[in-house]
Number of protein chains: 2
Amino acid sequence: MKRLDIFGTLKKDMDVIEKELYRSIEGDDSQLGETSLHLLKAGGKRLRPVFVLMGGKFGSYDIDRLKYVAVPLELIHSASLVHDDVIDDADMRRGKPTVKAKWDNRIAMYTGDYIYGKALELTTRLENPQIHQILAKAMVEMSIGEMEQIRDFFNVDQNVTRYLLRIRRKTSLLIAISCQLGALAADADRRIASAMYRFGYNVGMAFQIQDDLLDVCGTEKQIGKPPGSDIRQGNISLPVIYALEDPGIRISLLEEIERIHAHNGLCDVSRAVEMIRESSGIARSEALADRYIGKALKALDQLPDIRTKKHLKDIAHFVTKRSY
Amino acid sequence: MKRLDIFGTLKKDMDVIEKELYRSIEGDDSQLGETSLHLLKAGGKRLRPVFVLMGGKFGSYDIDRLKYVAVPLELIHSASLVHDDVIDDADMRRGKPTVKAKWDNRIAMYTGDYIYGKALELTTRLENPQIHQILAKAMVEMSIGEMEQIRDFFNVDQNVTRYLLRIRRKTSLLIAISCQLGALAADADRRIASAMYRFGYNVGMAFQIQDDLLDVCGTEKQIGKPPGSDIRQGNISLPVIYALEDPGIRISLLEEIERIHAHNGLCDVSRAVEMIRESSGIARSEALADRYIGKALKALDQLPDIRTKKHLKDIAHFVTKRSY
């Protein structure tokens, strides 16, 4: 997925969010400031804050309230990536060295803890317990998802349902609550907040499937790291699960994954990548992503016809615009 | 410090807390349940919940509200220990293998994340934003303290002030807010909550100094791990800082610490432990711990004369009752 540059109308407020993001983690401790800013400075689409602000458009939009949801959600996303890179033993993210690579695992762990704490601290400035509840619940679910991911590394027997449950926790939930909390922080109607949640949830599912497709089908320049890094670390994603259902390549792909596992990923993975690319797994994954986008668009039917609704539609279509 | 067995009157409610502690982290995911319960099952003094309940005695005591502060505080403490053991590369805690030793660092990291999340989720059942704010702020401070600790490993140039700042963040703050939040959750007067905070803060400082003394002066049976584990991992504690100020042993102790550092702690530390034991560092550390206890007792003067006040006094005295 390419950069989101379709948010002209939100650009000014996203600049506010960007400044607040930086400010939120500066000042306490110079080293933590540096390690925490490291990933944020490397960029990222800021998808979660954008969704918060768009959710806010369906209520009484106030950037000075919305920022206490938008910034924390990006921070939580960021903290989860910092911890994720420890687990994945990843050296590169967004085209730059990861915190764990530039410093070490211990520093990455506490950097993540610090960013999580900061996120929560900021949110509590909004004295709305419901928002705190939704956020805390999501953090629990995310950590369960991460644990499931560790457990499923190199598990070639997992089915599609298991994969979907995992990406639900890992990705979709945080995007769903970004949409929902934006609406709630702007005191929008509860039904609108629910529709925003459903929109975000389905876009999030499509987004993660698309991301997993990109890891197989994209170029190093597009992804910011070499293709095939999922299979290298044993992350059995949807295209792989589908490819393994293809009797023509199942045996040889299993052998290839076994070989990668035996080498702990420290070997050439291009043959496995090639096999997945040429399997029916790509088209089937794309079809499922498109189905989620269809559901996301359907959720929009519940929303009033303001300009933001059109932008949400654009994002939904944008998510599955294939660049590979 | 030996087991706290002076809380006869609170015993019934501490049983409620113990059950809630277990229940809070069961059920979501069998592996996370197992890893999360692992440390809790190994015991612990449950000092933070006890302080919450005692704080509650100064307001309208209600165990069904207080548990949503008491359980989270013990969980946060527990999560910080699980992450701490990754950093310290510790194999034993409370006489049992650590999560990172029994499973691995990655699992320990997410187990900690999960427990933190659960703690927050539970607290949000109390719809009191002030409580959420205090808790989130403490978590931020704790992670800063942990980072400081990493940075100060084997730093023999640190002074007493730096040590005190670090243990403030690492230990005292959480004990202080346990006392304070207990009072606040029971709608006690704000001045009472502040006095409880000061009591907890000073007891916490004394408690950590005492703990650091025990690591040098205690037996393996008392500590649940071999003595000298602080110096082994490069944690320069108060008795060491004071011992290094002793001109008679400074040079030889510095050499010993340098040797331990060069061996990454994988060597005999008994000579260093012996030197610290025989230095003036022990008596000076004890004197400082006693001074904090004096301040804690003074904070109690602000509290009404109920039976709990007497118990708090007992705890304060108990913390510095030397068993070595």
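**A walk through two chains**

Let's start with Asn264(B), which counts as exposed at 61% relative accessibility (exposed is over 50%, buried under 20% and partly exposed in between, with a 1.4 Å probe and protein chains only). This is a predicted model, with local features needing pLDDT of at least 70 and side-chain atom pairs pLDDT 80 or more, while totals for chains, interfaces and linings use all residues. Residues are numbered from 1 along each chain as its sequence is written, chains are lettered from A and ligands numbered from 1 in the order in which they are written, and side-chain values use heavy atoms, without hydrogens or water.

Most residues other than glycine have a negative phi. Phe154(B) also has a positive phi, near 60 degrees, and sits in the loop between α7 and α8 (160-185) of chain B. Phe154(B), though, is buried, with a relative accessible area of 15%.

Beyond its neighbours within four places in sequence, Glu141(B) is in contact with Arg168(B), Arg169(B) and Leu173(B) (contact means heavy atoms within 4.5 Å). Tyr242(B) is 101 residues away from Glu141(B) along the chain, and their C-alpha atoms are separated by 26 Å.

Now over to chain A and Met139(A), which belongs to helix α7 (residues 129-152) of that chain. Met139(A) is buried at 9% relative accessible area. Setting aside neighbours up to four places away, Met139(A) is in contact with Ile76(A), Tyr116(A) and Leu120(A), and also with Leu120(B).

Arg46(A), in the loop between α2 (30-41) and α3 of chain A, is buried too, at 6% relative accessibility. Among the residues that Arg46(A) touches are Glu18(A), Tyr22(A), Glu74(A) and Arg94(A).

In chain A, helix α3 (residues 47-56) packs against helix α4 (residues 63-87) at an angle of about 150 degrees, with axes 8 Å apart (axes are lines fitted to C-alpha atoms over the stretch in contact, with angles from 0 to 180 degrees between N-to-C directions). That makes α3(A) roughly antiparallel to α4(A) (over 145 degrees; under 35 is roughly parallel, 65 to 115 roughly perpendicular and the rest oblique). The contact includes Leu47(A), Val52(A) and Leu53(A) of α3(A), and Leu66(A), Leu73(A) and Glu74(A) of α4(A). Its residues divide into 9 nonpolar, 2 polar and 2 charged (Ala, Val, Leu, Ile, Met, Phe, Trp, Tyr, Cys and Pro count as nonpolar, Asp, Glu, Lys and Arg as charged, the others, Gly among them, as polar).

Helix α4(A) also meets helix α8 (residues 160-185) of chain A, where the axes come within 9 Å and cross at roughly 170 degrees. That makes α4(A) roughly antiparallel to α8(A). Leu66(A) and Leu73(A) take part here as well, with partners including Ile177(A) and Leu181(A).

Last stop: the largest nonpolar core. Of its 229 residues, Phe51(A), Phe199(A), Ile209(A) and Phe199(B) touch the most other members (a nonpolar core joins buried Ala, Val, Leu, Ile, Met, Phe, Trp, Tyr and Cys residues through side-chain atoms within 4.5 Å). Phe199(B) touches residues including Phe51(B), Cys179(B) and Leu312(B).

Terms used
Helices (H or I, at least four residues) and strands (E, at least two) are DSSP runs, numbered from the N terminus.
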